[in-house]
Amino acid sequence: MGVRALEQRLFHLLRSCSRLQNLIQIHTQILVHGFAQKNYILSKLVAFYVASGRLDDALRVFGNVENPSITVWNQMIRGYGGSETPRKAVELYKRLVATEAEPDGYTYLYVVSACARSGLVREGEQLHGRVLAGGFGCNVFIQTSLVSFYATGGGLSSGVGYARQMFDEMRERSVVSWNALLGGYVRSMDFDAARRVFDEMPERNVVSWTTMIAGCAQNGRSKEALCLFGQMRRANVELDQVALVSVLSACAEIGDLRLGRWIHWYVEERLCVRGKSRLVTLYNALVHMYASCGFVDEAYKVFKQIPRRSTVSWTSIIVGFAKQGRGEEALRMFRLMLSSGVDDIKPDEITFLGVLCACSHAGLVDEGRELFKFMTQTWGLEPRIEHYGCMVDLLSRAGFLNEAHELVETMPMEPNDGVWGALLGGCMLHKNSELASLVAQKLTVALDPDQAAGYLVLLSNVYACAKRWLDVAHVRQKMVQMGVKKPPGRSWIQIDRAVHGFVAGDRTHKHESLIYEMLGEITGQTQQEGTEPDILNTVSLED
């Protein structure tokens with residue numbers, strides 16, 4: 001076989017190669033027959049290594065090429081641009097411009113994308129200038145990449161506004177272009193603009209729907225997320241796992257157990273039938289949903305089905321047990337986590353927050369003290385203010401008010417309202433009006449009126465418990481002078497597929513008369529049974 005025919009043969013084998021083992025054999029033949037400088041063959045070889053995730057092998061091939069063609073350069077830049085180290089793609093581009101090779105449209109497409117992924121603002125803006133100077137400004141793929149760059153925060157002075165300008169200048173737009181702009185508005189939390197873009201889209205794909213749903217779910221707009229999910233289903237868009245994770249998060253937020261269970265059924269019946277492997281994040285979201293809706297035993301069943309648990313998996317079930325007051329079970333799960341024997345399963349700050357919370361709700365004071373030390377001394381994790389808040393809450397609930405107060409005073413950071421509030425709650429529980437008065441002084445100085453409202457109400461209740469009525473009157477007068485207003489309490493309940501919301505003191509609900517009539521009956525029944533009403537309901541801002 002002649003040299004030319006052998007070249008063509010190896011090139012054909014590369015194009016049809018589908019297994020890494022075969023690729024290595026072909027690579028060996030390329031070296032043996034002296035084709036290590038044939039760019040058109042090497043571009044295919046590098047592309048296969050890149051597609052296989054073997055960037056080190058691709059880089060070794062590339063490093064031995066004396067004069068790489070732009071196609072070979074592009075394959076390496078593309079590989080690193082899509083890797084965990086996209087900055088290396090920009091470094092390769094800088095090496096490229098110092099050679100005789102001329103960047104083409106693909107080069108700019110890959111490098112701009114790498115700048116977006118790695119947050120290299122200055123380099124991205126410089127590339128934009130080179131794109132225009134090189135005559136690629138009308139390339140729809142490069143334009144889309146630039147929209148994505150600016151939409152992800154590139155160009156700090158303009159951000160998504162400049163992405164919109166780039167988008168408006170495009171003569172031709174694809175669904176990818178629309179999605180890039182949509183994602184920019186969602187990331188900047190401008191949901192009104194995001195919704196306008198979404199409604200204007202001539203074509204939507206699963207990414208479009210998932211971007212909107214995830215954005216709403218992650219930013220406290222759970223009802224809107226569920227509404228969009230309903231529209232997505234009616235539009236017959238195939239549900240992907242990322243969308244389902246976001247919807248489960250929204251279900252957890254507002255307690256929509258019915259929809260959460262439907263998604264669980266869909267995951268088990270539809271995704272299994274299609275042979276799709278399920279993401280561990282989807283399992284984690286199911287655990288979180290069931291636990292947040294109060295069905296922690298269902299959450300535990302899902303947890304046991306997870307084939308490869310992550311730290312988030314363990315943390316989710318620990319927090320689930322903790323929130324239901326099942327501290328012993330939460331600690332048991334924590335011990336199982338530590339003994340799992342999996343190297344990448346390690347408790348993090350949130351895990352310890354969960355077990356400390358479990359100790360607090362279950363009154364496990366000694367265990368909580370030990371875990372607080374264990375967190376720092378064994379795992380080298382510095383407690384955050386949330387961990388201190390849990391410890392203060394644990395000690396305060398158990399009546400160790402002096403120890404809790406000392407912990408607050410010796411914290412390495414400034415206590416926030418949550419920490420002081422935990423201590424004040426302990427004072428309420430154990431009727432320590434002297435310490436409560438001291439805590440309230442700290443709170444009213446540190447907080448604005450709206451934040452201070454709930455704590456001042458709590459202080460007045462502490463005084464009421466101690467029958468210090470003059471102090472009660474003084475606190476209420478101070479609240480009037482400060483103009484504070486306590487945010488009303490809220491709750492949700494699901495009945496017949498509908499989630500109903502309730503607000504304390506609300507007079508606008510369509511079933512207001514029936515609701516208050518039932519509340520009156522419940523109050524009367526508790527009084528007849530000799531149950532003393534909670535003092536928190538006797539002193540409020542709604543009198």
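Guide: One term first: contact means heavy atoms within 4.5 Å. Keep in mind also that this is a predicted model.

Visitor: Then which residues does S246 touch, not counting residues up to four places away in sequence?
Guide: Start with its place: S246 is in helix α15, residues 241–254. Set aside residues up to four places away in sequence, and S246 touches I213, A214, A217 and Q218.

Visitor: Is S246 buried or exposed?
Guide: Buried means under 20% relative accessible area. S246 has 6% relative accessibility, so the serine counts as buried.

Visitor: How many helices and strands are there in the protein?
Guide: The chain has 543 residues, and 44% of them count as buried. As for elements, the protein holds two strands and 29 helices.

Visitor: Among contacts with a separation of 6 or more, what percentage comes from residues 24 or more positions apart?
Guide: Take the contacts in the protein with a separation of 6 or more. Residues 24 or more positions apart account for 59%.

Visitor: Are α13 and α14 roughly parallel or antiparallel?
Guide: Two packed helices are described by the angle between their axes and the distance between the axes. Here α13 covers residues 206–217 and α14 covers residues 222–234; their axes come within 7 Å and cross at roughly 160°. Angles over 145 degrees count as roughly antiparallel. So α13 and α14 are roughly antiparallel.

Visitor: Is the crossing of α13 and α14 left-handed or right-handed, and how do the residues in contact divide?
Guide: The crossing of α13 and α14 is left-handed. On the α13 side are V206, W209, T210, M212, I213, C216 and A217, which meet S222, E224, A225, L228, F229, Q231 and M232 of α14. The residues of this contact divide into 10 nonpolar, three polar and one charged.

Visitor: Are α9 and α10 roughly parallel or antiparallel?
Guide: Helix α9 spans residues 140–151. Helix α10 spans residues 160–169, and the two axes come within 7 Å, crossing at roughly 165°. Therefore α9 and α10 are roughly antiparallel.

Visitor: Which residues of α10 meet α9?
Guide: The crossing of α9 and α10 is left-handed. From α9 come Q143, L146, V147, Y150 and A151. Their partners in α10 are V160, Y162, A163, M166, F167 and E169.

Visitor: How do the residues of the contact of α9 with α10 divide?
Guide: One residue in that contact is polar and one is charged. The nonpolar count is nine.

Visitor: Now α9 and α11: are they roughly parallel or antiparallel?
Guide: The axes of α9 and α11 come within 8 Å and cross at roughly 5°. Angles under 35 degrees count as roughly parallel. So α9 and α11 are roughly parallel.

Visitor: What is the relative accessible area of L96?
Guide: L96 sits in helix α6, residues 87–97. Leaving aside neighbours within four places in sequence, L96 is in contact with I70, W73, I77, A101, P103 and T107. L96 is buried, and its relative accessible area is 0%.

Visitor: What is phi of M189 near?
Guide: Most residues other than glycine have a negative phi. M189 lies in the loop between α11 and α12 and is exposed, because its relative accessible area is 53%. Its phi is positive, near 60°.

Visitor: And phi of K431, what is that near?
Guide: K431 is in the loop between α25 and α26. K431 is exposed, at a relative accessible area of 54%. Phi of K431 is also a positive value, near 55°.

Visitor: How far apart in space are P307 and Y283, C-alpha to C-alpha?
Guide: P307 belongs to the loop between α18 and α19. P307 is exposed, with a relative accessible area of 71%. In sequence P307 and Y283 are 24 residues apart; C-alpha to C-alpha, the distance is 9.6 Å.

Terms used
Residues are numbered from 1 along each chain as its sequence is written. This is a predicted model: local features need pLDDT of at least 70, side-chain atom pairs count only at pLDDT 80 or more; totals for chains, interfaces and linings use all residues. Side-chain values use heavy atoms; hydrogens and water are left out. Axes are lines fitted to C-alpha atoms, for helices over the stretch in contact, and angles run from 0 to 180 degrees between N-to-C directions. Helices (H or I, at least four residues) and strands (E, at least two) are DSSP runs, numbered from the N terminus. Angles under 35 degrees count as roughly parallel, over 145 as roughly antiparallel, 65 to 115 as roughly perpendicular and the rest as oblique. A crossing is left-handed if the near helix is turned anticlockwise from the far one by less than a right angle, and right-handed if clockwise. Ala, Val, Leu, Ile, Met, Phe, Trp, Tyr, Cys and Pro count as nonpolar, Asp, Glu, Lys and Arg as charged, and the others, Gly among them, as polar. Buried means under 20% relative accessible area, exposed over 50%, partly exposed in between (1.4 Å probe, protein chains only).
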